[in-house]
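Dear colleague,

I am passing on the structure we spoke about, with the sequence alongside.

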Amino acid sequence: MKKYRGIAVSEGYALGPVREWLPNLPEAGTFTHTQSPEKDRPREWARFLQARVGACSHMTELYQQALARVGEHYAGIFKIQLALLQDEELLLRVRRKIMEEGLSAEVAMQAVGEEYGNLFDAMDDEYMRARGADIRDVQRQVLQQLAGDTPLGDGAALPSEEDWPAPYLLAADDILPSQTLALDPGQVLGLILRQGSQMSHAAILARSLGIPAVTGVRDFPRGGGFFAILNGFSGELLRDPGEEEKWEYTRMRQEFEARRQALKTYSGVQTITMDGTPVELMANIGHPDDMTSVRDCGADGIGLFRSEYLFMYCEQMPSEEEQAAAYGAVLQQMQGKKVIIRLLDVGADKQIPYVKMDREENPVMGRRGIRFCLEHRDILMTQLRALLRAAPLGQLGILIPMVVSVEEVRTVRRLLRQAACTLEEEGIAHSTQYEIGVMIETPASVMMGDELAQEVDFFSIGTNDLTQFVMAADRGNPKVGALCSANQEPVRRMLRMAVDSARRAGIWADVCGEAAADPQMTEFLLSIGVRTLSVAPASLLSMRQTIRQQDLTKKSGES
Ligand code: PEP
Ligand code: MG
């Protein structure tokens, strides 16, 4: 047996034979038609344009398929690809190669696709680097159109069931988003990629399809034909495991499934500790599509709607109307329960493709969150107007990210008043009934907690960022992963300070970072007075179970 380690990107366990897939594009040298004489160049350009139209309609079909299988949010990946295909610079480059250099449409597309792909590959930012796969997907779609009915490369599509009897674990260097979308969870038990990252669209799609996956396993042997175990929680892979490991993982997989089933019994019950203290358990979402899972587990509200995801997976800025509709849909579905919508928190790890952001040496501590919003007033005002337009549909909370000072809150309040005035003047329906809160996720906001609490209605404690700033340990760097845990005394003290500030001012405070879903922190959080937690829908039922096992009378001595 041999062990390998990668990045766990989609949870679950999978055991089975490994099949190696080589979904290759044809090499540059394999095209028979490479050059055209000057007189044929306009015809060649027309061939390319026609292929581009075909690729556009194929990608629109993929978008529709994705819509049905993984919902609008993730289907947006294919919208991004469409935008890449329609990029003017890309078009100009292909045109130059065909009309000026005399290359065939295939070779021109191949070359420009590679140029773009290499450009993305070399970027520092992980999100942008992961877009290299999208440009290669676009390139493949156009080349396939140019090839007509001839299959492209050896293995662009998965071999049939006859050749590869299901089920199996699929291994590849990397696969494209369109290829991931075509995977059937009944056939592919798990996905092993040597390249890829947490942010790659293949990883995102595998997660939404419920296929356990591990990426970045550079040294995983090629060829397949052997048995392996995939651990989608730890990122571990076992090649040729012994009977004991097989038995152990089969048991773990069954337990995981049984746990999933058993947790369902917690969907309709109250979130209350053993001694009768009620706890509000809310859900974190990134898109209205996530509401399906929220409904299934009976959340007490939406504690964190990360609005940036509305902006990330589309080719242009969502309009005021689109945003108002998205926020309104969530407010309406929550039927009067709290919905906390966070203002756009981009910068650092989250980029939006259509807004040019200057490169920063240290973007995590750069112009992100409220700093970005205040520098892009037009974007902020559009969002504030959309929020006020949605406000009549429920109980809205507006949350400001990455706050470090009272002035930032006062500025947002002033802009909200301005937004309300202009909506009033324009006769557009809206409401000014909302709560306003700050993310407590910087040490500065904890230290200024008493002053900030005088300015707002609630605190939402973001333990993910707070931990990385308190411990000076990058949350995206696995090498300091052990340091970047909220369950350590320096972070606990900060949490206690923040909750105390809220209590003194008589405002409510929730915890919405990962610590809220960490059962090892529940006892501590309840002991310092936290009574509202907001967690990913997937963790909500297990957290309800954990809370119902707590007895605060026994633990009162610890606070
Ligand atoms: C946090 O920082 O804890 C948080 C909830 O925000 P995000 O993870 O989106 O940065
Ligand atoms: Mg944060």
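This is a predicted model: local features need pLDDT of at least 70, side-chain atom pairs count only at pLDDT 80 or more; totals for chains, interfaces and linings use all residues.

**The chain as a whole**

The chain contains 21 helices and 16 strands, and its C-alpha atoms fill a box of roughly 80 × 70 × 40 Å along the principal axes. Its radius of gyration is 26 Å, which agrees with the value near 24 Å that a compact globule of 559 residues would have. Of these 559 residues, 54% are buried. Among contacts with a separation of 6 or more, 70% are between residues 24 or more positions apart.

Eight strands form an open sheet with mixed pairing, in the order 1-8-7-3-4-5-6-2. Strand 1 (2–5) and strand 2 (7–10) stand at its edges with a single partner strand each, so one side of each is left without a neighbour in the sheet. From one strand to the next, the twist averages 30°. Within this sheet, strand 3 (residues 13–20) and strand 7 (residues 224–231) are paired in the antiparallel sense over 6 bridges, and Gly 16 has Ala 228 in strand 7 as its bridge partner. Helix 7 (residues 201–209) packs on the sheet, where it touches strand 2, strand 5 (188–193) and strand 6 (213–215), and its direction makes about 50° with that of strand 2. Helix 8 (residues 243–263) lies across strand 3, strand 7 and strand 8 (236–239), and runs at about 120° to strand 3.

In the order 9-10-11-12-13-14-15-16, 8 strands close into a barrel with parallel pairing, and the twist from one strand to the next averages 25°. Strand 9 (residues 280–285) is joined to strand 10 (residues 302–306) by 3 bridges, the two running parallel, and Asn 284 stands opposite Leu 304 in strand 10. Strand 14 in turn pairs with strand 15 in the parallel sense over 4 bridges, and here Phe 459 stands opposite Ala 509 in strand 15. Strand 15 and strand 16 (residues 532–535) pair in the parallel sense over 2 bridges, with Val 511 opposite Leu 533 in strand 16.

Helix 18 (residues 489–505) lies across strand 13, strand 14 (458–461) and strand 15 (508–511), and runs at about 165° to strand 14.

**The magnesium site**

Which residues coordinate the magnesium ion (ligand 2)? They are Glu 441, through OE, and Asp 465, through OD, at 2.1 to 2.2 Å. Glu 441 lies in the loop between strand 13 and helix 15 (443–447), whereas Asp 465 is in helix 17 (residues 463–471), so the pair ties together parts that are 24 residues apart in sequence. Both Glu 441 and Asp 465 are buried.

Helix 14 (residues 406–425) has 20 residues and reaches 29 Å from its first C-alpha to its last, close to the 28 Å expected at 1.5 Å a residue. Its buried residues include Val 409, Val 412, Leu 416, Ala 420 and Leu 423. In an α-helix there are 3.6 residues a turn, so residues three or four places apart point the same way. The cover over the buried residues of helix 14 includes helix 11 (320–333), helix 12 (370–375), helix 13 (377–390), strand 12 (395–400), strand 13 (434–440) and helix 16 (449–455). After helix 14 comes Gly 427, which has a positive phi, near 70°.

Definitions and conventions
Residues are numbered from 1 along each chain as its sequence is written. Chains are lettered from A and ligands numbered from 1 in the order in which they are written. Side-chain values use heavy atoms; hydrogens and water are left out. The expected span of a helix is 1.5 Å times one less than its number of residues. Buried means under 20% relative accessible area, exposed over 50%, partly exposed in between (1.4 Å probe, protein chains only). Contact means heavy atoms within 4.5 Å. Two strands pair if DSSP finds at least two bridges between them. Axes are lines fitted to C-alpha atoms, for helices over the stretch in contact, and angles run from 0 to 180 degrees between N-to-C directions. Donors are N, O and S atoms within 2.8 Å of the metal (3.2 Å for Na, K and Ca); water is not among the atoms, so sites may look incomplete. The radius of gyration is taken over C-alpha atoms; the globule rule is 2.2 Å times the number of residues to the power 0.38.
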